[in-house]
Protein chains: 2
Amino acid sequence: MTTETIDSFHRGQFHVIQPLGQGHRSGMDAMLLASLVASDKPCRVADLGAGAGAAGMAVASRLANAQVLLVERSPLMADFARKSVALPENARFGTRISVLEADVSLTGRARVAAGLADDAFDHVIMNPPFNDASDRKTPDALKAEAHAMTDGLFDTWIRTAGAIMKPGGQLSLIARPESIADIISACGRRFGGIEITSLHPRTGENAVRILVTAIKQSRARLALRAPLIMHEDDTHKFAAVVDDLNNGRAAYRRRR
Amino acid sequence: MTTETIDSFHRGQFHVIQPLGQGHRSGMDAMLLASLVASDKPCRVADLGAGAGAAGMAVASRLANAQVLLVERSPLMADFARKSVALPENARFGTRISVLEADVSLTGRARVAAGLADDAFDHVIMNPPFNDASDRKTPDALKAEAHAMTDGLFDTWIRTAGAIMKPGGQLSLIARPESIADIISACGRRFGGIEITSLHPRTGENAVRILVTAIKQSRARLALRAPLIMHEDDTHKFAAVVDDLNNGRAAYRRRR
């Protein structure tokens with residue numbers, strides 16, 4: 001038996017069906033990731049490793065001209081994504097989303113044959129499995145798969161992102177701070193203009209996440225942007241800017 | 001003819017003789033670098049690529065138990081370092097500083113023969129030549145040498161730092177944000193517990209420098225610390241914490 005929940009995002013603007021107690025459960029990470037896509041024009045967006053689809057759905061919900069492809073390897077999670085998209089509550093944008101059951105790590109003809117064509121997307125977003133082996137607290141196999149950090153994972157995922165993205169397209173991802181060098185290295189010569197924003201729970205505290213965007217074939221330099229502070233005072237309330245990003249009221253735009 | 005200046009640091013606590021119009025001139029970068037050394041116990045400190053010696057002298061001036069070796073390849077700059085150390089104004093700590101004319105990129109026996117023994121230092125600090133080729137604005141050859149970023153520079157310098165440092169010793173450096181991945185990659189398995197702090201001119205602006213410390217043979221994870229903001233308001237005054245670091249009134253301690 002699989003127990004599931006229906007979770008509300010963007011203050012009720014859309015809903016996602018997720019398995020309870022197994023698989024990765026989407027939350028604020030997915031919403032912040034989605035906030036990195038800022039295009040008002042018609043655009044094609046791929047969400048790699050989409051899980052139940054929260055990040056990709058957040059993009060489609062906020063951007064009326066976005067066509068979103070949710071790419072997920074796990075048949076179970078892809079099913080949840082399809083069910084989520086089909087919810088009546090999501091009818092406003094559901095027709096602009098499709099689900100592709102495919103492995104992000106495929107390459108060359110196998111990738112194209114699986115449905116991921118070259119130079120097809122304006123935006124690729126990803127929230128890759130980023131817990132490393134030393135931090136695995138979850139015996140559950142599906143969750144372990146979603147959270148398992150393996151050597152070269154960023155390289156593999158970012159290589160696929162580079163292949164399926166149009167020149168000038170934008171890569172967006174959210175990750176742990178300790179992955180920063182792997183990510184920059186994986187961007188290599190495929191991407192430039194890397195912009196990194198660290199996310200800190202409170203003033204004076206270490207970062208818990210980094211938000212990264214980069215442009216395919218750009219030669220611009222890396223920038224470390226001003227950090228985002230989740231709680232600006234001693235309360236549990238989010239800072240206004242973070243709350244807006246989390247609830248789909250604003251995009252976190254690149255500086256250039 | 002070489003024109004020189006005598007510059008006051010730490011609000012007159014020590015002075016450095018520097019060439020005017022040629023060579024790298026030390027300033028705030030060197031003071032922030034020096035602030036990363038926080039030991040009150042007797043310790044040996046190597047300043048790699050010391051130039052006229054500002055960073056190493058700032059450490060010796062602030063820490064009464066530090067013995068500092070200034071390592072500089074350029075005979076001209078090493079001369080300035082020796083002259084600076086010998087200034088009567090620096091007599092308070094001058095006997096705790098020595099100057100070694102040697103190339104940081106030497107390896108193995110050649111390095112040891114040049115005066116840089118294995119496992120000898122508690123702290124190694126460096127402000128490596130970090131302007132990259134696309135940003136070179138200075139025709140002057142000596143300055144170009146001090147600012148010339150070459151592929152693998154961080155790897156070479158950090159390898160030397162790892163070799164001459166005691167196990168558990170601390171590496172400290174200041175660099176540009178775009179070097180972050182090269183630095184982390186160069187730390188590799190030699191160093192762990194990397195702590196990175198970005199330095200931003202004002203709230204909301206991109207970082208202009210990163211301060212990095214790491215511990216030899218540590219396995220601890222990388223941390224992105226809360227950033228330092230140089231100017232907290234619209235004035236030209238430094239924020240109190242930055243002013244204290246710049247003027248030798250405080251150390252910027254590691255969090256662990």
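**A close look at where the chains meet**

Author: Let's start a step away from the question, in helix H1 of chain B, which spans residues 28–35 and holds Asp29(B). Keep in mind that this is a predicted model. Asp29(B) counts as buried because its relative accessible area is 16%, and the cut-off for buried is under 20%. The side chain of Asp29(B) has a partner, too: a polar contact of 3.0 Å joins it to the side chain of Arg209(B).

Now to the meeting place itself. On the chain B side, 24 residues are in contact with 24 residues of chain A. Together the two chains bury about 1,900 Å², and 59% of that is on carbon and sulfur atoms. Three residues stand out here: Asn206(B), Arg221(B) and Leu224(B) supply 31% of the area that chain B buries against chain A, more than any other three residues.

Between chain B and chain A the count is two salt bridges. As for polar contacts, eight residue pairs make them across the interface, with both residues at pLDDT 80 or more.

Which elements of chain B give two or more residues to the side that touches chain A? They are helix H8 (180–187), strand S8 (191–202) and strand S10 (223–224). Of these, H8(B) gives the most, with three residues. Sort that side of chain B by class and you get eleven nonpolar, five polar and eight charged residues.

Chain A has nine helices and eleven strands, and of its 256 residues, 58% count as buried. Take the contacts in chain A with a separation of 6 or more: 70% of them come from residues 24 or more positions apart.

Last stop, the nonpolar core. The largest one has 74 residues, and those touching the most other members are Leu48(A), Ile158(A), Leu171(A), Leu48(B), Ile158(B) and Leu171(B). Pick Ile158(A) and look around: leaving aside residues up to four places away in sequence, Ile158(A) touches Met126(A), Leu171(A), Leu173(A), Ile183(A), Ala186(A), Cys187(A), Arg190(A) and Phe191(A). One of those neighbours, Leu171(A), is also on the list of residues that touch the most other core members.

Note on methods: Residues are numbered from 1 along each chain as its sequence is written. Chains are lettered from A and ligands numbered from 1 in the order in which they are written. Side-chain values use heavy atoms; hydrogens and water are left out. A nonpolar core is a set of buried Ala, Val, Leu, Ile, Met, Phe, Trp, Tyr and Cys residues joined through side-chain atoms within 4.5 Å. Buried means under 20% relative accessible area, exposed over 50%, partly exposed in between (1.4 Å probe, protein chains only). Contact means heavy atoms within 4.5 Å. Buried area is the accessible area (1.4 Å probe) that two parts lose on being put together, summed over both. A salt bridge is a side-chain nitrogen of Lys or Arg within 4 Å of a carboxyl oxygen of Asp or Glu. A polar contact is a pair of N or O atoms within 3.5 Å; within protein, one must be able to donate a hydrogen and the other to accept it, and residues adjacent in sequence count only if both atoms are side-chain atoms. Helices (H or I, at least four residues) and strands (E, at least two) are DSSP runs, numbered from the N terminus. Ala, Val, Leu, Ile, Met, Phe, Trp, Tyr, Cys and Pro count as nonpolar, Asp, Glu, Lys and Arg as charged, and the others, Gly among them, as polar.
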